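Student: I am new to this structure. Please show me how to read its features one by one.

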Amino acid sequence: MKSKQFLSYYKEYVQIGQNYNISEHQNDYTNPQVAQYYYQIYQYGLLPRGQVFSIFYQEQLQQAIALYRLFYAARDYQTFYNTAIWARQNVNEGVYLYALSVAIVHRPDTYGIVLPPIYEVYPYYFFNNEVIQQAYRYKQQYYPQRQQNEGQGSYNGYTINANYSGYYLNLNPEQSLSYFTEDVGINSFYYYYNIYYPYWLGGQDFDYSHDRRGELFYYVYQQILARYYLERISNGFGEIPFYNWEVPFQTGYYPSLQYSNGLPFPVRPNYANLYEYFYNYGQRYGSNRYAYSYTRVQDFERRIRDAIDRGYVYTPDGQQVYFNTQEGINILGNLIESNPDSPNSQYYGAIQVYARHLLGYSYQPLNQYQVAPSALEHYETSLRDPAFYQFYKRVVLFFQLYQSNLTSYTEQDLTYQGVEVTNVQFDRLVTFFDYFYSDLSNAVFVTPQEYDTDKVQVRARQYRLNHKAFTYRIYVNSNQEQQASVRVYIGPKYDEYGRYVNFTQNRLNFVHFDHFRYSLQKGENVIERNSRQSYFYQNDRTSYRELYQRVLGALEGNGAFTVDSNEAYFGFPRRFLLPRGSYGGTEYQFYVIVNPYVPYQQGQQQQQSQGQKFYYPRAGSGGLYVDGYPLGYPFDRPIRFDQVYYNIPNSYVYSARIYHRDVSDINSSNASNQ
């Protein structure tokens, strides 16, 4: 029986959902067999509406892939539109949302469409139980209410104050970092990254070769861990803990989340045993592959380590693919991600999938349609669990093992002849928490009449980390006019005990702060940048309600529809450009290096071959690369002598304290200065 909980009430949608027939429109798809196959499995029966969906269950993933291929194969936009509306009314909500999102960011004719904030589409995955319960209560006891909120204007609805789980729970010290791990912007970034680069997509279905997706896989996780470590330093914590599979996992996790059908997210106790006997005790699991995750992850880890030690991997037909090439890290990244571009995904395995199931402590499903995935088994919630960072620390260690075989950069390799960075200056760096509003209307069920009149409005108000706007300047002397690449990194200077950490030990803890191309003039150059310019960071996403109102305004002739172009891509939230710091100031260091500009050839070739200019990076175009250097350069190789990084004239190390203040102190200070 079809669930009506999330059906659209738009008359056009209802009509298309009832009348559109895929089998009658097979020739409207570039590959009719794709349409024929999907229609066939739909007749067999797919994941029912209202059931929980996770791509980390193979049977459900295959359904999402089949639907994505149907969307992607639509011959024109009208066919795509009709297919999407039909699926909206007839397919499981989670499968539909995921497949549609991946199709939108990969189809050429949907380039530029802005996806609404995922935390407003699925509030259940971003806000704790008590917030959702208050939204339910408001709907049941609904009464018209008009509120005036400072800085927000008038709002016809109900506002709920949302806290992080650390406010209610005291399970382990990691809970104090919940303002970071549970932030809606950070979790959205991770979700959208995996929409643009799904681990199952590639090969013949989509060309990612211009994006060096294996290297990007490594760099994204390395940067997430480095940024998390900066926040740990601000809170007095040290390195991300390391664990062994054989030893009970120390850090428990209570998600404080529930699914839309009322099912709670699984809980992992402190000191959880991971091996099969304890993990599966009392459950019926039979031939379920995930019940043997403990054995599988250890097999996959051993095979990956052996391949790195040998310097090559085996393909399914026994051929050897070597790592000691320029493509080495890209090959290794594809191998570990186990994507379609991997030399041998079956043998080296999808270690991520089984590790998430194991560490998440999710229950073994009774059947393929009744699953209870853990927080680790959704991209929207993965970063909330401390186990995420501990597992991916193990993954990054594979890359460190590979990088340990690379030669270190010499002073000659890094020096930019004729260029000297003479000074760097930053404004005072101050962070604070301020209110952020998220629409929760999708968390409550409405009647068709309420849907048409848009009467029920409810939102969450939550404190999120932010920083005062600041400017910094880089002073560069050049002996001639030339194009240069400028990189700025931020990293810790001391560990949690106040001990200085040198570059040799610290290179993986530096976070990409800014990166841009610059035209140097002969003589002294003063490069001025501000906190709003970094390309890799993204402003807060526009609310779905505001997006909708802008579209309506544009259709009615009230100006053009505009939106920040980088909202149509993924980026780390700009709010988290700086770590929290402390009241007395936590000292960090910035590393600035200027190098000759080297164009990224693959991206240029792709763009020229398609005759297009991309206004923001498109998946597969190579457009996210500023230049042709390796990601993380010059920290992408082991550092033998850290003094080399201080000696080269085209770099500069700048130390700065980051202060944390209450937002009221900042507002009063600003008022007194006016």
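Tutor: Start with a definition. A salt bridge is a side-chain nitrogen of Lys or Arg within 4 Å of a carboxyl oxygen of Asp or Glu. Side chains of opposite charge can pair when their charged atoms come close. Here R302 forms a salt bridge with D299, and their closest N and O atoms are 3.2 Å apart.

Student: What should I know about the model itself?

Tutor: This is a predicted model: local features need pLDDT of at least 70, side-chain atom pairs count only at pLDDT 80 or more, and totals for chains, interfaces and linings use all residues. Residues are numbered from 1 along each chain as its sequence is written, and side-chain values use heavy atoms, with hydrogens and water left out.

Student: Where do R302 and D299 lie in the chain?

Tutor: Helices are DSSP runs of H or I with at least four residues, strands are runs of E with at least two, and both are numbered from the N terminus. R302 and D299 sit three residues apart in helix α12 (residues 293–310), so about one helical turn separates them.

Student: Are R302 and D299 buried or partly exposed?

Tutor: Buried means under 20% relative accessible area, exposed means over 50%, and partly exposed is in between (1.4 Å probe, protein chains only). R302 has 38% relative accessibility, so R302 is partly exposed. D299 is partly exposed too, at 23%.

Student: Which other residue pairs with R305?

Tutor: R305 meets E301 in a salt bridge, at 3.6 Å from N to O. Both lie in helix α12, four residues apart, about one turn of the helix. R305 is partly exposed because its relative accessible area is 35%. E301 has 3%, so E301 is buried.

Student: How many salt bridges are there in the whole structure?

Tutor: A search of the whole structure finds 25. One of them joins R384 and E182, with the closest N and O atoms 3.6 Å apart. This pair links distant parts of the chain, 202 residues apart. R384 is in the loop between α15 (351–360) and α16 (386–403), and E182 is in the loop between α8 and α9 (184–196). Both residues are buried. There is also a network of salt bridges, linking D183, D434, R464, D540 and R575.

Student: How do I check a helix? Take α5.

Tutor: The expected span of a helix is 1.5 Å times one less than its number of residues. Helix α5 (residues 93–106) has 14 residues and should span 20 Å; its end C-alpha atoms are 20 Å apart, which agrees. In α5, 14 of 14 residues are buried.

Student: Which residue caps the N-terminal end of α5?

Tutor: N92 does, with a side-chain oxygen 3.0 Å from the backbone nitrogen of G94.

Student: What is K393 in contact with?

Tutor: Contact means heavy atoms within 4.5 Å. Leaving aside neighbours within four places in sequence, K393 touches L225, E239, I240 and P241. K393 lies in helix α16. Its relative accessible area is 19%, so K393 is buried.

Student: Now the whole chain, please.

Tutor: The protein chain has 23 helices and 16 strands. Buried residues make up 58% of its 674 residues. Of the contacts with a separation of 6 or more, 80% join residues 24 or more positions apart.

Methods
Polar contact = N/O pair within 3.5 Å; in protein donor to acceptor, adjacent residues only side chain to side chain.
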